[in-house]
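Q: Hi! Could you walk me through this protein in plain words?
A: Happy to, let's have a look.

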Amino acid sequence: MIAAILLSFGVLFVAELGDKSQLMALTFALRYRWWIVLGGITVASVLVNLIAVGVGHFLGAALPTDLIALCTGIILLIVGVWTLWAARHEEGEPDEPAVTGPASPGRVFVLVISSFLLAELGDRTMFATIALASNHSWPAVWAGSVAGMVAAGGLAIAVGITVGKHIPERAIAVASGLLFLYIGAATLLGALAPDLGKLGEYSIAAVVPLVAGAVWGLLGRSRRGSQEPEETPSLHGH
């Protein structure tokens, strides 16, 4: 049983490295308190791996992954636009903290759980868990998979905390919004055009945050221009 736990931990930890889920953990850690993000990742990991080992052990079948991926991509795109809108709404008000979306811990917790749960359903890590559960003790695979996924998420959170200490809050808001757009676009491409492969998927998805960033910059420039006071001509004693 210990061997199955260690095997599952290693497989899931390595599979999560550089995956969209880990990038999502880093993005959430830039915006919200680390313990809320880690708690949400833990709950989502427990649930998704419980589903995976159940499928692998009892059914040996997969979930409707294309539909799940489409829903996940759309949700992440909405979160990205929401984050950018919130940051833009507070632009020009340096004395007030930037809006961070769902500010209450409970709402952030639910957002993290739902995002990770959808992102992991049908992901390669879930298929790895299903495969392991079909040949090993499912409680051991479940425990090891949860530990591996949480460890990978914790690593991403640590990076997010370290990076976040050196970046202004509004810049973090914009970067987070663009990252969510990138992850959402990559997820949608993976569902709609699976033949692209990971390299093509990640490369093409980069167009979305690049365009969004350019539009953001143009809107910010036009807004600053409209806020500049008009010069009043001076009168010289006539």
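**Chatting through the fold**

A: Tyr 32 counts as buried, because its relative accessibility is 12% (buried means under 20% relative accessible area, exposed over 50%, partly exposed in between, with a 1.4 Å probe and protein chains only).

Q: Before we go on, what kind of model is this?
A: This is a predicted model: local features need pLDDT of at least 70, side-chain atom pairs count only at pLDDT 80 or more, and totals for chains, interfaces and linings use all residues. Residues are numbered from 1 along each chain as its sequence is written, and side-chain values use heavy atoms, leaving out hydrogens and water.

Q: Thanks! Where is Tyr 32 found?
A: Tyr 32 sits in the loop between α2 and α3. Its C-alpha atom is 7.6 Å from that of Val 108, although 76 residues separate the two along the chain.

Q: How many helices and strands does the chain have?
A: There are ten helices and zero strands. Both are DSSP runs numbered from the N terminus: helices are H or I with at least four residues, strands are E with at least two.

Q: And α6, how many of its residues are buried?
A: Seven of the ten residues in helix α6 (residues 124-133) are buried, so the helix is largely enclosed by the rest of the structure. Among them are Met 126, Ile 130 and Leu 132.

Q: New topic: which residues touch the most other members of the largest nonpolar core?
A: Met 24, Phe 28, Ile 41 and Phe 116 do, in a core of 20 residues. A nonpolar core is a set of buried Ala, Val, Leu, Ile, Met, Phe, Trp, Tyr and Cys residues joined through side-chain atoms within 4.5 Å. The largest share of this core, five residues, comes from α5.

Q: What is Ile 41 in contact with?
A: Leaving aside neighbours within four places in sequence, Ile 41 is in contact (heavy atoms within 4.5 Å) with Ala 25, Val 112, Phe 116, Val 150, Gly 153 and Ile 157.

Q: Which residues make the nonpolar surface patch?
A: Leu 17, Leu 155, Val 159, Val 163 and Ile 167 make a patch of about 350 Å².

Q: Is Ile 167 buried or partly exposed?
A: Ile 167 is partly exposed, because its relative accessible area is 32%. You'll find Ile 167 in the loop between α7 and α8.

Q: Last one: what percentage of the chain is buried?
A: Buried residues make up 41% of the 238 residues.

Definitions and conventions
Patches are made of residues with over 30% relative accessible area and no salt bridge: like charges are joined within 9 Å, nonpolar side chains (Val, Leu, Ile, Met, Phe, Trp, Tyr) within 5 Å. Accessible areas come from the Shrake-Rupley method with a 1.4 Å probe; for residues, only the protein chains shown count as cover. A salt bridge is a side-chain nitrogen of Lys or Arg within 4 Å of a carboxyl oxygen of Asp or Glu.
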